[in-house]
Amino acid sequence: MVSGGAASVAALLGVPHIAAFDVNAACAGFCYALGVADGLIRSGTSRRALVIGAERMTDWVDRDDVDTATVFADGAGAAVVVAAGRAGIHPVEWGGDGDKVGLVAIPDRHGSVTMRGQAVYRWVTSELTAVAAAACARATITLADLRGFVTHQANLRMIERLAADLGATNAAVARDIVETGNTSAASVPLVLSRLIDLGRVRSGDPVLLMGFGAGLSYAAQVVVCPLQHGTGRRGVRAGPPPGF
């Protein structure tokens, strides 16, 4: 785990004196950071923000552990959040269950990540459907209104169970884990970008983002699908009010 990673990236981008900080919420990290950026822009503290989800999970994986070595992978994705005339990022529904912190952990802080996969599966499928519904309620839309469901790529069976339990029948569901693995905090931006590239979600579509994992932490929010530009760049238009 790199300390001061955000400041290092800012320096490499040639903007070493701006506010830059790390958000450590594991697989929920991108959604947490997006919620923070949304709040900073809504409050007037910032005009724009670069939100990055990046992981090198293979640094923390025991290659002989089938519960983790066959799942975790490396990746990075990013979004620019700017103020816009209408909401593009809706309020985040987030929280955690610290009593279960041992289900996904690095026990001695210097070894390899361990995961009790079946217990995590039971927690996700029993608790997080309500979180997704609450995120939609915060955005004043119904599950039927969703055009995309983007969860971090934890487990294919888990993703399909969540999608089925939500009943979001009009939403494109991301299943990138079969190609990319679980890239933790990088999963959500990578998957959203891929859905856009494939044309499965379009500019202006409401998309539910969700991440959950170590902590156990979770976060979900509805966003308006980012605008697409001919140059290949994408941004998230945010607040007063914020958005992609």
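Two strands count as paired if DSSP finds at least two bridges between them. Helices (H or I, at least four residues) and strands (E, at least two) are themselves DSSP runs, numbered from the N terminus. This is a predicted model, in which local features need pLDDT of at least 70 and side-chain atom pairs count only at pLDDT 80 or more, while totals for chains, interfaces and linings use all residues. Residues are numbered from 1 along each chain as its sequence is written, and side-chain values use heavy atoms, with hydrogens and water left out.

The sheet comes first. It is open and holds 5 strands in the order β3-β9-β8-β6-β7, with mixed pairing. Because β3 and β7 (172–173) stand at the edges with a single partner strand each, one side of each has no neighbour in the sheet. At the β7 end, β6 (residues 148–151) and β7 are parallel and share 2 bridges; Gly148 has Ala172 of β7 as its bridge partner. At the other end, β3 and β9 run antiparallel over 4 bridges, and Glu93 is bridged to Ala220 in β9.

Strand β9 also pairs with β8, again in the antiparallel sense, through 8 bridges. One of the bridge partners is Ala219 of β9, which faces Gly211. These two strands form a hairpin with 3 residues between them, where Gly215 takes a positive phi near 140°.

For burial, the cut-offs are under 20% relative accessible area for buried, over 50% for exposed, and partly exposed in between (1.4 Å probe, protein chains only). By that rule 8 of the 8 residues of β9 are buried. In a regular strand the side chains alternate between the two faces of the sheet. In β9 both faces are covered: Ser217, Ala219, Gln221 and Val223 are buried on one side, and Tyr218, Ala220, Val222 and Val224 are buried on the other.

Contact here means heavy atoms within 4.5 Å; axes are lines fitted to C-alpha atoms, for helices over the stretch in contact, and angles run from 0 to 180 degrees between N-to-C directions. Helix α5 (residues 156–166) lies across β6, β7 and β8 (206–213) and runs at about 140° to β6. Helix α7 (residues 187–197) packs on the sheet too, touching β6, β7 and β8, with its direction at about 150° to that of β6.

Ser187 belongs to α7. Its relative accessibility is 1%, so Ser187 counts as buried. Apart from neighbours within four places in sequence, Ser187 contacts His152, Gln153 and Asn182. Ala139 is 48 residues from Ser187 along the chain, and their C-alpha atoms are separated by 22 Å.

Helix α2 (residues 29–43) has 15 residues and spans 21 Å from its first C-alpha to its last, close to the 21 Å expected at 1.5 Å a residue, where the expected span is 1.5 Å times one less than the number of residues. Its buried residues include Phe30, Cys31, Tyr32, Leu34 and Ile41. Just after α2, Gly44 has a positive phi of about 85°.

Aromatic side chains link some of these elements. Rings of Phe, Tyr and Trp (its six-membered ring) pair if their centres lie within 6.5 Å; planes under 30 degrees apart count as stacked, over 60 as edge-to-face and the rest as tilted. The whole structure has 2 such pairs. Tyr32 and Trp94 form a tilted pair, 4.9 Å centre to centre with 40° between the planes. This pair links distant parts of the chain, with Tyr32 in α2 and Trp94 in β3 (residues 93–96), 62 residues apart. Tyr32 is buried at 19% relative accessible area, whereas Trp94 is partly exposed at 39%.

The rings of Trp123 and Tyr218 have centres 6.4 Å apart and planes at 50°, so this pair is tilted. Trp123 lies in helix α4 (residues 117–138) and Tyr218 in β9 (residues 217–224), so the pair ties together parts 95 residues apart in sequence. Trp123 is buried at 5% relative accessible area, and Tyr218 is buried at 18%.

A ring also takes part in a contact with a charge. The charged end of Arg157 sits over the ring of Tyr121, 4.2 Å from its centre; the criterion is NZ of Lys or CZ of Arg within 6 Å of the ring centre and within 35 degrees of the ring normal.
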